[in-house]
Amino acid sequence: MVKLVYNELLKMFRKKRFLVVVLILAVLIPIFTYAQYVTVQTTIKQIGTSDWKAILQQQIVDNENQLTSSRIPEEWKKWTRLTIDQQKYYLKNNINPTAPGAPTFVRKFMEEAVALFLPLIVVILAADLVSSEYANGTIKVLLTRPVARWKVLLSKYLALILSISLVMLITGLLSYLISGIIFGYKGWNLPVLSGFIQQGNQLITNQVHLIPQWKYIIYAFGLAWFSALAVGTISFMVSVLVRNTATSMGVMLAAVISGSLLTQLAPTWQSLRYFVFINLRLTDYLAGKPILISGMSLPFSLAILAIWSIVAIIIAFVVFSRRDVLN
Amino acid sequence: MKPVLSVEHLTKKIGGRTIVDDISFTVNPGEIFGFLGPNGAGKTTTIRMLVGLIKPTSGSIVIGGHNLQTHFLEAIKQVGCIVENPELYPYLTGRENLEHFARMIDNIDDDRIDEVVRLVELEKRIDETVKTYSLGMRQRLGIAQALLGNPQLLILDEPTNGLDPAGIRELRAFIRRLAQEQSISIFISSHILYEIQLLCERVAIISHGKVLKTAAVSQLVGDDSKVEWSLNPIPQAIKQFSELPYIRNVEQLGKESVMVHMPVEKIAETNQLLLASNIQVSAIRPMNQTLEDIFLEMTGGEGIG
């Protein structure tokens, strides 16, 4: 099995699939870094003063005043207290919150990439994994070896999981190294708010607490990895079903992009939440961002992604081991 | 002698159409077996069933004593094949391609890879990527790939397709050498009769999914040959021919020549008889009867190719 997985990885690398993905990352990350830099500069200009410590101090005073008010509900107060803790940490450690370091960039980049950018990259890797063997005709050589068909397919799937993991690692490394040139490499211990729970239409904040940023990044990468695997598994199935690389890539791109668009266009259409590509933004639950479609929560999204993936992998294996090779 | 490959009542239906209809044949150890039929007769479908790419609707395939449907791995270990074109990974080198497929078979070491490379004479170019290879080289690399696992049976689907005449001659010599020196049985499909006749000992003729006949090539071609006579005057000559018992199928071709079926060794004798009857003979052209004639006879004039 190790030999078979090695074969698949060799083909993926020699086909320069991997190089393409790394090149895309190497071109896009500097652009995003620059965009972030411009945003920071604009904010500084708007505030009118470059003395961020004075601003931060003023914000802390404002927040503390809010705490004394009796009209504010208790859960809000907890939230405010945490914000004050966060701001005090910035002040004490001499961190400018509007000019964050590379780890903050990595976190934000992953939070944004998980919905569209990462899925697209995964599709590039996965879409031609099986279909290219059909398109080249090499499937005929591959399936006339003394190796069971399910093993051939499993080796491809394992190679896909490995390469997705590697791509995420490279994404993390590249975004850290490149953005650090501008923002500096500090900030791993920055406190970040986490622990939001989505219940019905409400955001429950009583479990919210501060965690160090490095921990948050690990969580975010774990969730992003899960959602990338789901995309990878479904593209893998499409790659088995469609014997043409271009079609397979087209189908997957259309599905991923419409998932992203539909969330924006039709948030009131409730049954949409059962569609797999609506559930890709797992990191949003971590960040406590408002969820557009009601009834969605982290366990719900994890379950939807898992169910779709399992069904896809079953279909892929059944079809691949039974189908006549006619082309 | 136990056959290397035995096919019994093999049938394949796709979407209600019968592509391969109840065919049976056997291939013996060390023999070159031809599988002859026009395009669309069901040759490729049959070959795909032989190597497990397509599941038969009914019938059985036994390779080296193992049933392909029930014991796929044991059966397919005995087989090396090229189905249609020699398809390999163009972005890998020749050696990487061989290593790739060697990893899918047990106990293939680098020595074996070197050995097959030498056998197909690709030593010089083996470390270049396959996309730079000519079709003939790809064909040879395909054969090297098929030979990696020391197969007892080599299955080649239209191996000369797209090769130039020199390449075809080279391949033919190579196939003969394989059968003689390595005592591998070789199963070759082709729509070119001449090819099969030159290479094969036995042949199965397939048309519209059915095997019309399986026999030794020598037996099929037989002793009679076609002989074309250029004569004058024709009517007397035809009369003379019809009186000879060993001459069949007398047929007039144009003003001055006649085609007959007869044994080659009787040509001289016949010539003397004609001269004795004052018939002028200006040319005698014996033609070897080919599988083509037999094919046309059997299918009732259906063209080939």
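## A buried lysine in chain A

A:Lys156 sits in helix α9 of chain A, which spans residues 149–183. The model is predicted. The relative accessible area of A:Lys156 is 2%. Buried means under 20%, so A:Lys156 counts as buried.

The side chain of A:Lys156 has a polar partner: A:Glu8, at 2.7 Å. Beyond neighbours within four places in sequence, A:Lys156 also touches A:Lys11, A:Leu129, A:Val130, A:Glu133, A:Leu142 and A:Phe236.

## Chain B overall

Chain B carries 11 helices and 14 strands. Its C-alpha atoms fill a box of roughly 75 × 45 × 35 Å along the principal axes. The chain has 305 residues, and 51% of them are buried.

## Nonpolar cores

The largest nonpolar core holds 166 residues. Three of them touch the most other members: B:Leu5, B:Ile186 and B:Phe187. Among the contributing elements, helix α10 of chain A (residues 213–241) gives the most, with 15 residues.

A second core is separate and has 15 residues. B:Leu231, B:Ala237, B:Val260 and B:Met262 are among them.

## The interface of chains A and B

Chain B brings 28 residues to the contact, and chain A brings 30. The buried area between the two chains is about 2,800 Å². Carbon and sulfur atoms supply 58% of that area.

Polar links cross the interface as well. There are 17 residue pairs in polar contact, counted with both residues at pLDDT 80 or more. On the chain B side, β1 (5–14), α2 (72–76) and α3 (94–102) each give two or more residues. That side divides into 16 nonpolar, four polar and eight charged residues.

Salt bridges between chain B and chain A number four. One salt bridge pairs the side chains of A:Lys140 and B:Glu84, with 3.3 Å from N to O.

How values were computed. Residues are numbered from 1 along each chain as its sequence is written. Chains are lettered from A and ligands numbered from 1 in the order in which they are written. This is a predicted model: local features need pLDDT of at least 70, side-chain atom pairs count only at pLDDT 80 or more; totals for chains, interfaces and linings use all residues. Side-chain values use heavy atoms; hydrogens and water are left out. Contact means heavy atoms within 4.5 Å. Buried area is the accessible area (1.4 Å probe) that two parts lose on being put together, summed over both. A polar contact is a pair of N or O atoms within 3.5 Å; within protein, one must be able to donate a hydrogen and the other to accept it, and residues adjacent in sequence count only if both atoms are side-chain atoms. Helices (H or I, at least four residues) and strands (E, at least two) are DSSP runs, numbered from the N terminus. Ala, Val, Leu, Ile, Met, Phe, Trp, Tyr, Cys and Pro count as nonpolar, Asp, Glu, Lys and Arg as charged, and the others, Gly among them, as polar. A nonpolar core is a set of buried Ala, Val, Leu, Ile, Met, Phe, Trp, Tyr and Cys residues joined through side-chain atoms within 4.5 Å. Buried means under 20% relative accessible area, exposed over 50%, partly exposed in between (1.4 Å probe, protein chains only).
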